[in-house]
Protein chains: 2
Amino acid sequence: MTLRTTLDFLLHDWLDTTGLTSRERFADHNRETIDAVLDTCERIAREKYAPFNRLVDTQEPHFDGEKVTLPKATHDAFKAYAESGMLSAAQDYDIGGMQLPYSVEAAANAFFACASVSIGSSLLSVGNANLLMAHGTELQKQVFAHKEFSGQWSGTMCLSEPQAGSSLSDVATRAVPDGEGFESDPLGARYRLRGNKMWISSGEHELTENIVHLVLAKIPDADGKLIPGTRGISLFIVPKKMVNAQGELTGVRNDVALAGLNHKLGWRGTTNTLLNFGEGKFPVDGQAGAVGYLVGQPGKGLACMFHMMNEARIGVGIAATMLGMAGYYASLDYAKGRPQGRPITGAGKDAAAPQTRIIEHADVKRMLLTQKAYCEGALALELYCARLIDEQHTGSAQDAEEARLLLEVLTPIAKSWPSEWCLEANSLAIQVHGGYGYTRDFPVEQYWRDNRLNMIHEGTHGIQAMDLLGRKVLMEEGKGLTLLSHRIMATVNRCNGIPVLAPHAKALARALQDVGVATQKAWSTGVPGEALANAVPYMQAFGHTVLAWIWLDVAGCALDNDPQQESLVTQGHVGCAKFFFHYELPKINAWLGVVQSRDLTCATFPEGAF
Amino acid sequence: MTLRTTLDFLLHDWLDTTGLTSRERFADHNRETIDAVLDTCERIAREKYAPFNRLVDTQEPHFDGEKVTLPKATHDAFKAYAESGMLSAAQDYDIGGMQLPYSVEAAANAFFACASVSIGSSLLSVGNANLLMAHGTELQKQVFAHKEFSGQWSGTMCLSEPQAGSSLSDVATRAVPDGEGFESDPLGARYRLRGNKMWISSGEHELTENIVHLVLAKIPDADGKLIPGTRGISLFIVPKKMVNAQGELTGVRNDVALAGLNHKLGWRGTTNTLLNFGEGKFPVDGQAGAVGYLVGQPGKGLACMFHMMNEARIGVGIAATMLGMAGYYASLDYAKGRPQGRPITGAGKDAAAPQTRIIEHADVKRMLLTQKAYCEGALALELYCARLIDEQHTGSAQDAEEARLLLEVLTPIAKSWPSEWCLEANSLAIQVHGGYGYTRDFPVEQYWRDNRLNMIHEGTHGIQAMDLLGRKVLMEEGKGLTLLSHRIMATVNRCNGIPVLAPHAKALARALQDVGVATQKAWSTGVPGEALANAVPYMQAFGHTVLAWIWLDVAGCALDNDPQQESLVTQGHVGCAKFFFHYELPKINAWLGVVQSRDLTCATFPEGAF
């Protein structure tokens with residue numbers, strides 16, 4: 001099954017994406033225009049991304065003290081991507097966009113992640129610009145966001161600091177008003193920032209003529225103190241090079257300096273940096289301090305950031321998924337071509353017979369089917385979430401509200417599940433290759449290294465789990481969880497009537513109930529420390545239940561269209577669902593056990609006994 | 001807990017290794033001599049191995065067409081190891097050995113694997129020489145094995161071929177008698193070999209003045225045909241440089257040529273090679289063909305190899321375990337020193353409070369305790385198996401027979417379990433470090449890369465699983481499995497009487513029963529293809545059950561010595577056991593489900609539907 005076949009089924013047969021074109025915003029689109037976008041992206045990914053995936057791994061970004069050098073292939077890939085118009089795919093026609101549904105944009109971007117996840121880093125620019133479109137002033141949109149959509153400039157998100165990592169409440173970057181009349185700068189209230197930002201992807205490079213940093217910082221109170229916690233955080237635009245109100249470079253460098261490149265396990269095509277803001281290396285108007293323009297209200301910076309979080313996290317989920325998928329395709333290809341060993345038959349092995357291809361061995365098939373079920377299931381989940389974002393943006397008031405609620409609950413899964421299980425898929429892809437998979441002559445080891453990042457960035461696994469069990473399933477009196485349960489039960493009820501799926505439907509209903517019980521028992525004492533001690537096992541069980549639902553729904557759809565399973569596509573979907581229900585869903589009981597007993601074995605383990 | 005503390009407890013408190021010194025072979029040893037060996041190895045590992053672990057990762061072996069260059073540190077480490085006498089630790093005094101119990105040798109070697117798994121590759125030389133001690137002629141022992149024990153020469157194992165990988169029955173290397181009088185060469189019947197051998201560790205280097213290759217090859221029949229299957233395989237000594245009967249180099253190069261180095265994901269300090277035997281690059285006596293001396297009987301080569309397999313596989317298990325342990329120590333250290341975030345309390349977080357160290361977060365403790373339970377449990381299993389080898393070599397006839405049977409069943413677990421779960425531990429060690437763990441500034445990413453090899457070499461995961469379910473639990477009418485069950489039940493019965501362990505004992509008894517039922521049901525139709533389709537999930541469940549037993553036994557021993565849990569060591573062991581029984585053992589049901597239903601979802605999945 002090619003990626004395109006899978007995407008076409010999910011987008012059109014399953015999610016009825018074409019149906020969106022009856023809405024005003026997407027009225028100019030139809031199956032043909034959607035196909036054309038996918039065709040273009042598939043081609044660019046094949047020509048400009050895939051051939052250079054190993055190159056960007058071996059030729060890491062290099063800093064000579066002045067400039068960061070990236071391979072020519074990275075420049076070419078960025079240029080091709082920008083020229084495709086994908087940077088502004090979702091934007092209005094009048095600013096040069098395509099008004100494409102987000103679900104189609106996400107599907108189209110999957111080709112690039114599959115071909116070379118780290119050669120491109122456009123998602124951050126798009127997220128950055130989207131944030132400005134939502135929270136910036138008209139001039140901020142024009143000067144900064146529009147230039148990012150065109151690919152002329154690029155963007156970053158500067159949240160983490162070396163001493164604080166995930167703990168944003170400890171952000172120590174300070175922003176002070178930049179002298180008299182600071183409020184009246186046309187680009188936004190003007191501040192000077194000082195601090196260090198860590199893990200900043202694409203924080204320095206020469207791909208674009210300017211870089212638009214979006215920076216979280218705190219404005220000190222009258223006593224010069226920073227407000228503790230996240231309430232004190234504000235958001236600023238800090239351009240690498242100063243610009244005027246017409247969006248032209250003024251020729252002055254802003255006081256943002258690269259302190260160093262991070263040398264990573266994988267994902268090496270993308271520069272990752274430690275940036276010093278305002279240390280005085282590039283004084284502006286003779287003064288140290290990076291010039292930054294306030295976005296939105298002071299103290300509301302994190303809320304602006306979170307507004308973009310769902311799409312960013314779905315983006316990470318898709319990246320993790322497509323790395324898994326790339327490994328799946330590579331190992332499938334290898335298994336079809338590699339002769340080795342003989343099948344086990346009732347009569348034993350015939351040593352004189354020619355070797356069979358390894359895809360004929362049951363355990364190799366198990367490893368391939370596991371990868372397929374993980375990765376195609378994850379892709380379905382990501383596109384489902386992307387479709388919810390379309391609903392949130394263009395659906396009826398009630399549909400939009402339901403989409404919002406579902407996204408609250410599903411986003412931690414969309415981010416975490418592929419990060420964990422498509423990484424496992426990458427490990428299986430290595431295993432299928434045997435010793436060859438452990439060499440750098442085959443691509444699978446790089447996929448595995450690249451994918452290891454996804455459980456860490458954009459909120460670690462632990463953070464996602466706390467978000468899910470500590471906030472999302474509780475918020476608004478559990479409305480999101482209730483709504484998800486209704487959706488799951490709708491699938492259960494529909495598939496109860498399809499004989500081949502009925503046992504799975506029953507298993508899913510039971511799993512859903514188990515998750516519900518565990519949720520209640522986790523919180524039954526009302527003590528966060530007890531409930532959240534096993535937040536990760538909870539998230540694992542929740543994720544597997546969601547994926548079981550996705551597979552049941554996908555298989556149900558496939559069987560609706562092809563009840564006799566005449567096509568291999570249908571057989572593939574039904575087989576994956578069966579695999580997931582037989583091999584994967586039963587795993588949830590072990591995870592839920594510790595959740596519902598509020599097991600404190602780990603939490604109370606004495607430090608000295610480690 | 002330091003590695004030394006853990007080793008001391010396992011060796012002395014748990015396995016009563018000192019008790020072995022009452023046996024004649026070990027009569028000169030006592031706790032002090034054992035401590036001295038551990039002290040020496042700990043010191044050499046700290047001084048000559050650990051500081052260069054990153055170096056050997058970044059300065060890979062380099063081949064200039066003539067010689068393979070390794071970093072000076074690798075030479076120094078090899079020299080220090082050889083000078084310690086550890087190469088011949090288990091050998092008789094009269095050939096310069098220490099007559100050390102294997103369990104002590106294995107424990108001592110753990111320090112090296114923990115410090116730098118790939119800088120040293122002595123295990124292969126020892127295995128090679130041990131094989132010759134068991135199957136070689138007196139002269140073969142003197143000329144080849146003794147020089148390997150002294151470190152003057154080193155050894156390899158040449159099994160795999162590029163076209164055959166795990167499928168040894170397809171070995172295509174040919175060995176033909178080397179002219180008249182070939183049988184009467186003092187070094188053994190003399191053949192000429194031609195063929196290619198892949199994945200040969202330490203196949204070429206300048207660490208030693210000669211390299212002793214042990215090569216599997218087939219002797220053609222009268223028609224020049226190779227016998228199909230493994231029956232046709234013979235074993236040969238093929239020295240890199242020709243030697244005379246006195247063991248002196250004759251100055252003639254043998255016809256073994258390095259065809260290329262493999263460039264690997266990890267484990268980069270050890271050269272891994274493709275070797276061409278007999279291609280004519282270095283003709284001997286004007287003739288192409290690598291000169292090889294037969295070891296043992298023609299056609300019995302694989303049996304000789306398998307003789308050494310248990311120790312080789314325990315060696316891999318220890319390597320995997322110690323890589324996991326190295327990651328555990330690194331992440332524990334990091335978690336104790338890194339401040340970030342605040343603990344969750346009933347009253348919510350106090351944003352103004354100082355940050356706590358991350359070891360105080362429940363999820364970080366969960367990740368640390370998981371690593372500890374995986375790695376210390378695996379270490380206990382490996383030492384238990386090593387102790388069985390001592391029993392096999394020096395125990396009473398009945399004890400030796402029981403040890404042999406137990407090793408048959410346990411070796412696939414000793415090899416596979418740490419390869420899978422201590423790799424998972426390495427992933428958790430990265431996760432504890434957050435973004436820093438993904439950089440090459442910290443050691444954990446390398447441990448994870450290094451450890452990925454262990455599920456592949458010395459018999460892949462799939463091969464181990466087929467060995468376990470297809471051979472080991474069935475052989476000799478299931479005697480091995482029955483004996484293991486008795487040992488497990490003995491632990492269950494003993495721990496039933498210890499209140500804090502009684503619930504675990506019950507859980508273990510049930511797990512054992514579940515494994516037994518699954519074994520029967522898997523084979524109830526007698527069709528290998530049905531039984532073995534889920535051999536890997538079977539091995540996973542079997543392995544988790546074995547580890548639960550190990551933890552229960554270790555905890556029982558700790559509580560026997562310290563019933564009030566006054567020491568942190570006891571608290572650690574009891575806590576790990578509790579963790580394993582609460583978080584890990586319940587996982588077996590999902591694995592066993594597909595085994596006992598003989599699930600063929602994967603095996604029957606149509607190739608075209610992938």
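At 3% relative accessibility, B:Glu584 counts as buried (buried means under 20% relative accessible area, exposed over 50% and partly exposed in between, with a 1.4 Å probe and protein chains only). This is a predicted model, in which local features need pLDDT of at least 70 and side-chain atom pairs count only at pLDDT 80 or more, while totals for chains, interfaces and linings use all residues. Residues are numbered from 1 along each chain as its sequence is written, chains are lettered from A and ligands numbered from 1 in the order in which they are written, and side-chain values use heavy atoms, with hydrogens and water left out.

You will find B:Glu584 in helix H18 of chain B, which covers residues 568–584 (helices, H or I, of at least four residues and strands, E, of at least two are DSSP runs, numbered from the N terminus). Setting aside neighbours within four places in sequence, B:Glu584 is in contact with B:Thr370, B:Tyr374, B:Trp421, B:His544 and B:Phe579; contact here means heavy atoms within 4.5 Å. With B:His544 there is also a side-chain to side-chain polar contact of 2.8 Å. A polar contact is a pair of N or O atoms within 3.5 Å; within protein, one must be able to donate a hydrogen and the other to accept it, and residues adjacent in sequence count only if both atoms are side-chain atoms.

B:Glu420 belongs to helix H11 of chain B, residues 397–433, and is buried at a relative accessible area of 17%. Beyond its neighbours within four places in sequence, B:Glu420 is in contact with B:Met455, B:His461 and B:Gln540. The side chains of B:Glu420 and B:Gln540 are joined by a polar contact of 2.7 Å.

B:Leu592 sits in helix H19, residues 588–596 of chain B, and is buried with a relative accessible area of 4%. Again leaving out neighbours within four places in sequence, the contacts of B:Leu592 are B:Asp514, B:Val515, B:Ala518 and B:Ala541.

The size of an interface is often given as the accessible area lost when the parts come together. Chain B and chain A bury about 8,200 Å² between them, with 61% of it on carbon and sulfur atoms; this buried area is the accessible area (1.4 Å probe) that the two parts lose on being put together, summed over both. Each chain brings residues to the contact: 98 from chain B and 98 from chain A.

Across the interface there are 6 salt bridges, a salt bridge being a side-chain nitrogen of Lys or Arg within 4 Å of a carboxyl oxygen of Asp or Glu. A:Arg342 forms a salt bridge with B:Asp170, where the closest N and O atoms are 2.6 Å apart. On the side of chain B that touches chain A, H18(B) gives the largest share, 9 residues. By class, that side of chain B has 46 nonpolar, 31 polar and 21 charged residues. Ala, Val, Leu, Ile, Met, Phe, Trp, Tyr, Cys and Pro count as nonpolar, Asp, Glu, Lys and Arg as charged, and the others, Gly among them, as polar.
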